[in-house]
Amino acid sequence: MLDSVTKEPLIGATLRLQDAKDTSKVIYTSSDVNGRFLFSNLYPIDYQLVITFVGYHKWTKPLSLSNKPENLGAILMQPGIESFQEIKVIGNIPMSTEKG
């Protein structure tokens, strides 16, 4: 899975594979450092693949799997309308006291 503009891999994207008939049956994984992912030991049924990544539009695809491996090729994720140049996380560390 790649950024559609820069063609850089998207590391840590969330992939959700759900049974098309029973959406309570869900399997999750995430993309690796090369933007690749793998679901294994799947039943040959209809699924819905949903991919999300912060700052990008959600990507969905219905899949009808058979008993052979399925290669989806390069998945190009579109950057979202809003992107952040910087995010600051601000927190307070509790004061520690030394006893003894």
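In the predicted model, the largest pocket is lined by 24 residues. Those lying nearest its centre are Phe37, Phe39, Glu70, Asn71 and Leu72. The space within this pocket amounts to about 550 Å³. Sorted by class, its lining comprises 15 nonpolar, six polar and three charged residues.

Two of the residues nearest the pocket centre, Phe37 and Phe39, also form an aromatic pair. A search of the whole structure finds two aromatic pairs.

Gln18 is located in strand β2, which spans residues 14–19. Its relative accessibility is 14%, so Gln18 is classed as buried. When residues up to four places away in sequence are not counted, Gln18 touches Thr23, Lys25, Val26, Asp46, Tyr47 and Gln48.

Glu98 lies in the segment after β6 (76–77). The relative accessible area of Glu98 is 81%, over the 50% cut-off, and the residue is therefore exposed. Glu98 and Trp59 are 39 residues apart along the chain, and their C-alpha atoms are separated by 52 Å.

Definitions and conventions:
Residues numbered from 1 in each chain as written. Predicted model: local features only at pLDDT ≥ 70, side-chain atom pairs only at ≥ 80, totals over all residues. Heavy atoms only, no water. 1 Å grid on protein atoms, 1.4 Å probe; cavity = no way out; pocket = protein on both sides within 12 Å on 5 of 7 lines; lining within 4 Å. Points joined across faces, edges and corners; volume = space filled by probe spheres on them. Nonpolar A, V, L, I, M, F, W, Y, C, P; charged D, E, K, R; others polar. Helix = DSSP H or I, 4+ residues; strand = E, 2+ residues; numbered from the N terminus. Buried < 20%, exposed > 50% of the residue type's maximum accessible area, 1.4 Å probe, protein only. Contact = heavy atoms within 4.5 Å. Phe/Tyr/Trp six-rings, centres within 6.5 Å; stacked < 30°, edge-to-face > 60°.
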